[in-house]
Amino acid sequence: MFDLLDSAIHVLAQLGEAGALAPADAPAVASAVPPAGMTAQQVAEAGGMLHFISQSDIVGKTLFGILVIMSLTSWYLIFVKSFTNMRIRRRSNNFLREFWAASSLEQVENEITTHGASEPFAHLASHAIHAQNHHTRYGAMKLEEKGSTGAFVTRTIRKVIDEETAKLENGLTVLASIGSTAPFVGLFGTVWGVYHALVGIGLSDGVTVNRIAGPVGEALIMTGLGLAVAIPAVLAYNGFVRSNRVYLARLDAFAHDLFTFLSTGQQAFESSGRVRRVKIASTKDE
């Protein structure tokens, strides 16, 4: 595994050096660089992160690999959850419009049966309507169904909200873990690299500022890499938490209106006497 990593580092160092030179120097680079890739001496002369990774031991390369895996995982979760949340919110807005435009609960139930409950609002409405119909028709047949119809519907609604909350929070723990641990992984890589750099400098002759600044500066790259991994994960985690909090507040308000409608056959009213509707945000705002 580490041999493949060394080969990839050598190829990237070759490409980086060729891209940094002016176009007029391109023929010279082509003639100076061996076709098989850069040697260890050429990588050492190039310096930078690739030089640091190539000369590090198994611990340094392992830490670098962990940071790469963390970065790939966080960006995968960011893209997947962003796409999933946008799709769920768009479907929720469509369902709310169809729900309040329906003439009866039977029509809503038929629509859910036909198209399926593909988002939390439809899932909540389907379970609440089914719970009321089941308890009204058959009564309390099991221990979990004991109590009045309203109590049974309330427990069903709360259970569905808890399930949807768990689904929305899926993956957030990983983002939070990456955001909190990546800087320390990078810092540990820096400490380990500085330690080995100072040991190598102490064993060599003629210690100068240039011999110290180069290895120590290269070791600090691990700290920067750890921050580069952590910052997107932290920002994405905060964004998802806020988005989920707003969405769950809308779901809880809809659950209140739905329970009131199932209990009384009327929509919930505010103190002013106006019908309280769940706010349907536009797709752009989501």
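Colleague: What should helix H9 span, at 1.5 Å a residue, and how far apart are its end C-alpha atoms?

Modeller: This is a predicted model, and in it helix H9 covers residues 172–203, which is 32 residues that should span 46 Å at 1.5 Å a residue. The end C-alpha atoms of H9 are 47 Å apart, which agrees with that expectation.

Colleague: Where does H9 bend, and by about how much?

Modeller: The bend is at Thr 181 and comes to about 35°, with a proline, Pro 183, following within four residues.

Colleague: Which residues make the nonpolar surface patch of about 310 Å²?

Modeller: That patch is made by Phe 184, Leu 187 and Val 191, and Val 191 lies in helix H9.

Colleague: Changing topic, how many salt bridges does the structure hold?

Modeller: The structure holds 2 salt bridges. In one of them Arg 158 pairs with Asp 252, and the closest N and O atoms are 3.5 Å apart. Arg 158 belongs to helix H8 (residues 149–168) and Asp 252 to helix H11 (residues 221–264), so this pair ties together parts that are 94 residues apart in sequence.

Colleague: Are Arg 158 and Asp 252 exposed, partly exposed or buried?

Modeller: Arg 158 is partly exposed, with a relative accessible area of 43%, and Asp 252 also counts as partly exposed, at 37% relative accessibility.

Colleague: And which residue forms a salt bridge with Lys 167?

Modeller: Lys 167 forms a salt bridge with Glu 164, where the closest N and O atoms are 3.9 Å apart. Both residues lie in helix H8, 3 residues apart, which is about one turn of the helix. An α-helix has 3.6 residues a turn, so residues three or four places apart point the same way.

Colleague: Is Lys 167 buried or exposed, and what about Glu 164, buried or exposed?

Modeller: Lys 167 counts as exposed, because its relative accessibility is 53% and the cut-off for exposed is over 50%. Glu 164, on the other hand, is buried, with a relative accessible area of 5%, since buried means under 20%.

Colleague: Stepping back, how many helices and strands are in the protein chain?

Modeller: The protein chain has 11 helices and 0 strands. Of its 286 residues, buried ones make up 34%.

Colleague: What share of the contacts between residues at least 6 apart in sequence join residues at least 24 apart?

Modeller: That share is 73% in the protein chain.

Definitions and conventions. Residues numbered from 1 in each chain as written. Predicted model: local features only at pLDDT ≥ 70, side-chain atom pairs only at ≥ 80, totals over all residues. Heavy atoms only, no water. Helix = DSSP H or I, 4+ residues; strand = E, 2+ residues; numbered from the N terminus. Expected span 1.5 Å × (residues − 1). Bend = angle between axes of the 7 residues up to and from the residue. Salt bridge = Lys/Arg side-chain N within 4 Å of Asp/Glu carboxyl O. Buried < 20%, exposed > 50% of the residue type's maximum accessible area, 1.4 Å probe, protein only. Patch = residues over 30% accessible without salt bridge, like charges linked within 9 Å, V, L, I, M, F, W, Y side chains within 5 Å. Areas by Shrake-Rupley, 256 points an atom, 1.4 Å probe, with all protein chains shown as cover. Contact = heavy atoms within 4.5 Å.
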